Amino acid sequence: MKCTLCSEKSVALFDSKPYCKRHFIKRFEEKALDTIKRYKLINSKRVAVATSGGKDSTSVLYVVKKYMEKFGLGKPIALLIDEGINGYRERTLSDLKRFCELENISLKVISFKEEFGFSLDAYLKKVDSKPCTICGILRRYLLNKHSREFDTIVTGHNLDDESQGFVMNLFNSDILLMIRQGIVSGAVGFKDFTNRVKPFYFIKEKEILIYSILKGFGLGYNECPYADSALRAKFKILLNEYEMNNSGAKKNAIDLFMKLKEELSGSKNEILKDFEISSCTVCNEPSSNEICSACLVRSEYNNAKKANNK
Ligand code: SF4
């Protein structure tokens with residue numbers, strides 16, 4: 001098949017149209033840059049990109065750097081949370097370090113071990129719990145704590161992630177979490193929270209994978225060993241199967257979510273009326289409860305450790 005824009009042979013589909021390598025990269029970057037511009041995702045020099053050394057966050061780091069340089073905003077900083085997952089994190093960190101050196105981007109690594117005194121692996125050996133739930137609580141906590149010096153945190157979330165999130169919240173009837181999702185997400189407007197933005201909101205995971213290969217980012221494409229245990233993994237399979245026979249279903253879910261979010265914004269205050277953010281009495285970080293979830297996780301670990309030492 002020929003490229004949609006020239007006489008070269010196509011290498012892959014983007015937005016369901018065939019493109020050669022050069023035009024695939026061009027269309028991909030145009031779409032991401034257009035999303036940044038249209039939704040005013042980046043407006044200052046103080047931008048951090050939440051990275052993992054995987055295809056999504058490395059690609060978004062590259063595209064954001066390109067955007068910021070183009071508009072004289074300097075360069076973003078890459079932030080990586082090292083959970084301490086043996087056989088996985090060291091590999092992705094090494095990929096990311098190499099990439100950041102090559103692109104001359106500063107990298108800040110924040111580790112569970114240094115911040116909490118235990119790695120995720122160590123925690124799971126002591127406390128019987130779901131890896132992604134614990135990891136999610138601690139990652140969000142650290143990302144928030146270390147992002148106050150920035151105006152914006154960019155993440156590599158894509159169309160697949162966002163449609164899965166929407167359907168999961170729908171199935172769980174979690175309206176509070178639902179209204180905090182979107183192209184600009186998080187506790188938007190609350191003090192002590194930095195907005196999270198998603199330039200790949202309308203781009204498919206598969207397209208990011210192809211982009212990262214065509215760009216030759218040299219990633220190892222390692223998967224977290226705990227990924228299959230996450231509830232999200234089940235929704236991923238479900239939506240992929242559905243999309244296979246109903247092309248465009250994920251995009252439809254996102255379009256519906258955006259309309260719903262707009263509708264709900266009028267009643268946002270009503271939904272949020274019982275939801276207050278104050279400070280955790282232990283660590284002083286923002287929390288909707290007296291003690292934040294990260295401090296509860298920390299105390300679970302310390303209790304289990306004490307019990308094991310008896
Ligand atoms: Fe953490 Fe789960 Fe992601 Fe692994 S898959 S990095 S455990 S959230």
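This is a predicted model: local features need pLDDT of at least 70, side-chain atom pairs count only at pLDDT 80 or more; totals for chains, interfaces and linings use all residues.
The side chain of Asp15 meets that of Arg27 in a salt bridge, with a distance of 3.9 Å from N to O. This pair links distant parts of the chain, since Arg27 belongs to helix α1 (residues 21-38) while Asp15 sits in the loop between β1 (12-14) and β2 (17-19), 12 residues apart.

Arg27 is likewise partly exposed, because its relative accessibility is 22%. Both residues also belong to a network of salt bridges, in which Asp15, Lys26, Arg27, Glu30 and Lys31 are linked.

## Other salt bridges

How many salt bridges does the structure hold? The total is 22, and one of them joins Arg139 to Glu83, whose closest N and O atoms are 2.4 Å apart. This pair, too, links distant parts of the chain, with Arg139 in helix α6 (residues 131-145) and Glu83 in the loop between β4 (77-82) and α3 (89-103), 56 residues apart. The two partners fall into separate accessibility categories: Arg139 is partly exposed at 28%, whereas Glu83 counts as buried because its relative accessibility is 2%, which lies under the 20% limit.

A further salt bridge brings together the side chains of Glu149 and Lys108, at 3.4 Å from N to O. Glu149 is in the loop between α6 and β6 (152-154) and Lys108 is in strand β5 (residues 107-111), so this pair ties together parts that are 41 residues apart in sequence. Here Glu149 is partly exposed at 45% relative accessibility, and Lys108 is partly exposed as well, at 28%.

## Aromatic pairs and a cluster

The structure also contains 18 aromatic pairs. In one of them, the ring centres of Phe171 and Phe235 are 5.4 Å apart and the ring planes stand at 70 degrees, so the pair is edge-to-face, a label given to planes over 60 degrees apart. The pair links distant parts of the chain, as Phe171 is in helix α7 (residues 159-171) and Phe235 in helix α10 (residues 231-245), 64 residues apart.

Another edge-to-face pair consists of Tyr211 and Phe217, whose ring centres are 6.0 Å apart and whose planes are at 75 degrees. Tyr211 is buried at 0% relative accessibility, and Phe217 is also buried, at 6%. Tyr211 and Phe217 are members of one aromatic cluster, which they form together with Phe14, Phe24, Phe28, Tyr62, Phe99 and Phe200.

## A positive surface patch

Which residues form the positive surface patch? The patch is made up of Lys113, Lys125, Lys126 and Lys305. Among them, Lys305 is found in helix α13 (residues 293-309).

Conventions:
Residues are numbered from 1 along each chain as its sequence is written. Side-chain values use heavy atoms; hydrogens and water are left out. Patches are made of residues with over 30% relative accessible area and no salt bridge: like charges are joined within 9 Å, nonpolar side chains (Val, Leu, Ile, Met, Phe, Trp, Tyr) within 5 Å. Accessible areas come from the Shrake-Rupley method with a 1.4 Å probe; for residues, only the protein chains shown count as cover. A salt bridge is a side-chain nitrogen of Lys or Arg within 4 Å of a carboxyl oxygen of Asp or Glu. Lys and Arg count as positive and Asp and Glu as negative; His and the chain ends are not counted. The place of a charge is taken as NZ of Lys, CZ of Arg, CG of Asp or CD of Glu. Helices (H or I, at least four residues) and strands (E, at least two) are DSSP runs, numbered from the N terminus. Rings of Phe, Tyr and Trp (its six-membered ring) pair if their centres lie within 6.5 Å; planes under 30 degrees apart count as stacked, over 60 as edge-to-face and the rest as tilted. Buried means under 20% relative accessible area, exposed over 50%, partly exposed in between (1.4 Å probe, protein chains only).
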